[in-house]
Amino acid sequence: MIRGAHVVIYSADAESDRAFFRDVLDYPFVDAGHGWLIFALPPAELAIHPAEVDGGQELFLMCDDIEAFVARMSELGVACSDIGTERWGLLTRLTLPGGGGLGVYQPTHASPLDSA
């Protein structure tokens, strides 16, 4: 019934953020017309957390080696935060060219992707 998810990142500088995903993160994409790039995402997970108020969402990209990711971003001139240890993984954050934040983490939790 459901075959995928379409994630939207709103940006004050969408063109620069598209270039970041295309040129820095090297995500495959198609041009849907007029410069609207649609990127293929790697497999994804969905977690539902308890909250006081409904409606919040967060986007985290996952990687296998957070230190290698941070090193690669540094080589490309992209600053990442210090790597933090969370109960669920190792986390860094970066700022997209349009000003939005993006979390990237190396999971230490069990993942349904490992058995897929």
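1. β6 supplies 5 residues to the lining of the largest pocket, the most from any element. Helices (H or I, at least four residues) and strands (E, at least two) are DSSP runs, numbered from the N terminus. A pocket is an open set of points on a 1 Å grid over the protein atoms alone, where a 1.4 Å probe fits, with protein on both sides within 12 Å along at least five of seven lines; lining residues have an atom within 4 Å of a point.

2. The model is predicted: local features need pLDDT of at least 70 and side-chain atom pairs pLDDT 80 or more, while totals for chains, interfaces and linings use all residues. Numbering runs from 1 along each chain as its sequence is written, and side-chain values use heavy atoms, without hydrogens or water.

3. The volume of the largest pocket is about 1700 Å³, counted as the space filled by probe spheres set on grid points joined across faces, edges and corners. Its lining has 42 residues, and E45, A47, E58, L59 and F60 are the closest to the centre. Two or more lining residues come from each of β3 (60-62) and β6 (101-107).

4. By class, this lining of the largest pocket holds 27 nonpolar, 9 polar and 6 charged residues. Ala, Val, Leu, Ile, Met, Phe, Trp, Tyr, Cys and Pro count as nonpolar, Asp, Glu, Lys and Arg as charged, and the others, Gly among them, as polar.

5. The second largest pocket holds about 590 Å³ of space. Of its 20 lining residues, V7, V8, I9, L37 and F39 are the closest to the centre. α1 (14-24) and β2 (37-39) each give at least two residues to this lining, and α1 gives the most, with 4. The lining of the second largest pocket has 16 nonpolar, 2 polar and 2 charged residues.
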